[in-house]
Amino acid sequence: MAFFHAETDEVKYSLEFKKCLTELAHRLSDARDPKEIGINALMAACEFYDADWCGVLDVDVKMEYWMPLWWYDRKTAGMTETALAEQGVNGIFPNWKKALEENYPIIVTDMEDIRETRPEEYAICKEMRTRSLLAVPYCKRERGFMLLRNASRYKDKPEFLRILSYVLVSEINEQKRLDRMKLKASDNSAWKDADVEVNFFGGMEIRTAQGTLDEAALKSPLSGRLLFLLMMNRDRAMPARMIAEKLWPDVESDDPGGKVRALTYRFRKTFQLLAQDDEELLVTTSNGYRINPELKIRTDYEQFESIIREAAHLAFDSQKIVQLKKAIALYRGSLFPSGAAEHWQMGYASRYRMMYLDAVNDLLKMLYSEGDFKTLHDYAAMAENVEPGCPNIIFWTIKAFWKQGAVTIARHHLEAAKSLLLAEEYQVLEGLMAAG
């Protein structure tokens, strides 16, 4: 009789297995979006196992950090908020690491079974209200687990989950391929002397031979601020607490390391869209987080400063003019403007702004001395667009108009400056005009 029941259970399992796969195939017959396909596969897993949650748990082995990529909550019928998605999981438990390396499933039919033997794992699972757990690894390009929580049946049968994991990893890779296609193309000829280019003038931009990422592509203002902070301190590692104090100055946290690790993980996953041969822009060290010292990184602000220093040592104005034009072309606006309200960032922005204004003033003065009033006007107008409301630049614009015979336009420009400038700034402009 026991044999008969076992055989009947296996038949039911096989029939349910086939039924769920058939229904999933029917649901996906017209689906084209990788994420939609992935969520449907996760939903099918919840239905087959009568579980309350299923997700793709991505792992960054070097950071020893886990984070859900896609998930399905049966109670809310969708990919709704989960505490795990906010903080992720720090550390890789030895048995999970071995399962990932050797490609075998993790099966825990009752969490109480690991209370004594794996207390840290037990504590995290209890925090996530997990009574039972079934997980299968995937290692095709991406690495991680497809994880199922609180199954009511087939708790020790990972075969259905294994099949769905192949679907999931295929769709994850397809989604990343589509994301790469959205990146702006880069000029491959520009990458002979650098692996990565990081620009901050006028906005953040990360470029490699694979394409370009801007702040919008990072999908998090904090990711850009993290990169800026580490780039401004790129010769050293910064401890997590120091980073947290800069990025969340008004927030007390019992776990600053967890917040920084989650932010770093998200940045690294986005940067992978641009990376070649597993390049990493942000790395972890025993002392904290830092910019990868092994990469050749080119930046607009460092080039800008270097060119201005070179110009200062040149003997002839004609040579200086060429160099200053190069430097000014690099300054597309203030340094990292989206972080302008951060008190720790203001000093950097102010420093480069003053360098720019000094360089522009020197260039315009030399162009005036050379009698090149057309170029003087062009560069003064360009500088006014980049840094409006600067009395010195407005002065040179007016001088350029006068020297080209556009006296009426020069007077209108001077009149317009009254409403643009503060009273003390306008007094500066009047003083410059009086001095000639």
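Student: What makes the contact of E280 with R268 a salt bridge?

Tutor: A salt bridge is a side-chain nitrogen of Lys or Arg within 4 Å of a carboxyl oxygen of Asp or Glu. The closest N and O atoms of E280 and R268 are 3.1 Å apart, so the pair meets the definition. The model is predicted: local features need pLDDT of at least 70, side-chain atom pairs count only at pLDDT 80 or more, and totals for chains, interfaces and linings use all residues. Residues are numbered from 1 along each chain as its sequence is written, and side-chain values use heavy atoms, without hydrogens and water.

Student: Why is R268 called buried?

Tutor: Buried means under 20% relative accessible area, exposed over 50%, and partly exposed in between (1.4 Å probe, protein chains only). R268 has 8% relative accessibility, and therefore counts as buried.

Student: Why is E415 called partly exposed?

Tutor: The relative accessibility of E415 is 49%, so the residue counts as partly exposed. K418 is likewise partly exposed, at 45%. The side chains of E415 and K418 form a salt bridge, with 3.9 Å from N to O.

Student: What do the side chains of R225 and E342 form?

Tutor: They meet in a salt bridge, at 3.0 Å from N to O. R225 lies in helix α8 and E342 in the loop between α12 and α13, so the pair ties together parts that are 117 residues apart in sequence. Helices (H or I, at least four residues) are DSSP runs, numbered from the N terminus.

Student: How many salt bridges does a search of the whole structure find?

Tutor: The search finds 22.

How values were computed
Helix = DSSP H or I, 4+ residues; strand = E, 2+ residues; numbered from the N terminus.
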